[in-house]
Amino acid sequence: MTVGEYLKIRAVRAEQGGTGVFAFFLQGSDITRIADISRIRREEQELKGFQRGVIREHVKQITAFLDSGPVLFPNAIILAMSPEVEFASARGRAPGNICEVGDAGTLTIPIYPEGRRAAWIVDGQQRSLALAEARDRSIAVPVIGFVSAHLATQREQFILVNKAKPLPTRLINELLPEVSVLLPRDLAARQLPSALCEALNTDPSSPFYGLIRRESDGKDKVGIVTDNSLIETMRMSLKTPAGALGQFKHNGRGNDTEAMYEALLLYWSAVRDTFPDAWGKPPVESRLMHSAGIRAMGALMDPIMLRADGVSDRVAAVRATLKRLAPHCAWTSGSWKGLGIDWNDIQSTSQHISKLSDHLMHLERDLARGVA
């Protein structure tokens, strides 16, 4: 029931990891009155929010289900709540032999205009919108809320809660550098590459400056290289000590991220300068900027960079290797000799990526031996 500019509800309070956690029920229509949907976006190079875009068809399907008659809808909505919420324990003597896990009482949540609300939806975006549109606006919905003023905590929970759901990979990739919680192994393996990718996109000295397309980008952004293709090349290089990046990974003793970033700048700057006519163009005009081209050249980074480590002038060695390779590449016209594929027929499939990567690595090795 609403009292003034507040919503007062019966709740049970518990604690997890030093954070207050509340369990309560709300009428479905009240969720979007107290909670905002924090969609991912960027403001002056800073990542804001964490939610994916609305899946309209999914919302319509849930609304149709809610409107089909009396329904059981026990899936809990998870909210991150501002410290402005207040909790008052219920008075009275507790029953004997009660399990003292939670403290019952009244939770008071202030009601603010959209965009400034005291809670944010961490899980249940589509369900919350469907409940707000349903004919029966009094459906009782279970809610779990935790108190946090820190966006990092909210993002951590969003990633972990949605890990088992079909959450867009690129959305997770962009959020990962912003969290510090201990992540599952598969997500942890993507965290460092995603942070390096973000640096490449925002550093004016990077060959990828402003060229990487991220999930938070608006329609006016000009990014042409998908972040996922770059992240995957870095992830593969980090998997082995023989990788151009993996050699700087010291398990248990931290990572030399500066050396990793320096290697990325050295290699990809050389790629840009070796193929100036193919660099910075949309993938339909240059397969070098295509995910297949990025993945293939990323695979080539390991042998080229590791071989260059053995000479005094690494920059010159890398550029000389790429210069020998350049006449054999077909990024913007012609066809790939040895593959029998026209330049614009290269697709972002595992088969084409594997074929192109193997072709470039065999070609580079033969050129180094002087047999090509």
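Five residues of helix H10 are buried: Arg314, Val318, Thr321, Leu322 and Leu325. Viewed down the axis of H10, these buried residues fall within an arc of 95°, so they line one face of the helix. The model is a predicted one. H10 itself runs over residues 314-325. Its twelve residues reach 17 Å from the first C-alpha to the last, close to the 16 Å expected at 1.5 Å a residue.

What covers the buried residues of H10? The cover includes three helices: H8 (257-274), H9 (291-308) and H11 (350-369).

Take H11 next. This helix has 20 residues, which should span 28 Å at 1.5 Å a residue. Its end C-alpha atoms are 29 Å apart, which agrees. The buried residues of H11 are His352, Ile353, Leu356, Ser357, His359, Leu360, Leu363, Glu364 and Leu367. They cover an arc of only 165° around the axis, which puts them on the same side of H11. Ser350, Gln351 and Arg369 are exposed on the other side. The cover over the buried residues of H11 includes H9 and H10. It also includes two strands, S14 (335-336) and S15 (341-342). After H11 comes Gly370, with a positive phi near 80°.

Is His359 buried or exposed? Its relative accessible area is 15%, and the cut-off for buried is under 20%, so His359 counts as buried. Neighbours within four places in sequence aside, His359 contacts Trp336, Lys337, Gly338 and Leu339.

The loop between H8 and H9 holds Ala278. Ala278 is buried, at 5% relative accessible area. What does Ala278 touch, leaving aside neighbours within four places in sequence? The contacts are Ser286, Leu288, Met289, Trp331 and Thr332. Met289 is eleven residues from Ala278 along the chain, and their C-alpha atoms are separated by 7.6 Å.

Helix H7 is another case. H7 covers residues 227-238. Its twelve residues should span 16 Å at 1.5 Å a residue, and its end C-alpha atoms are 16 Å apart, which agrees. H7 is mostly covered, with nine of its twelve residues buried. The buried ones are Asp227, Ser229, Leu230, Ile231, Glu232, Thr233, Met234, Ser237 and Leu238.

Asp227 also gives a way across to helix H6. Asp227 and Ser194 are 33 residues apart in sequence. In space, their C-alpha atoms are 8.0 Å apart. Ser194 belongs to H6 (residues 185-202). Ser194 is buried, with a relative accessible area of 0%.

Cys197 is buried, at a relative accessible area of 0%. Cys329 is also buried, at 15%. How many disulfides does the structure hold? The count is zero.

Helix H1 (residues 28-34) contains Thr32. Why does Thr32 count as buried? Its relative accessibility is 19%, and buried means under 20%, so Thr32 qualifies.

Finally, the whole chain. It has eleven helices and 15 strands. Of its 372 residues, 46% count as buried. Consider contacts between residues at least 6 apart in sequence. Of these, 67% join residues at least 24 apart. The chain exposes about 18,900 Å². Carbon and sulfur atoms supply 50% of that area.

Key. Residues are numbered from 1 along each chain as its sequence is written. This is a predicted model: local features need pLDDT of at least 70, side-chain atom pairs count only at pLDDT 80 or more; totals for chains, interfaces and linings use all residues. Side-chain values use heavy atoms; hydrogens and water are left out. Helices (H or I, at least four residues) and strands (E, at least two) are DSSP runs, numbered from the N terminus. The expected span of a helix is 1.5 Å times one less than its number of residues. Buried means under 20% relative accessible area, exposed over 50%, partly exposed in between (1.4 Å probe, protein chains only). The arc is that of the directions from the helix axis to the C-beta atoms. Contact means heavy atoms within 4.5 Å. Accessible areas come from the Shrake-Rupley method with a 1.4 Å probe; for residues, only the protein chains shown count as cover. A disulfide is a pair of cysteine sulfur atoms within 2.5 Å.
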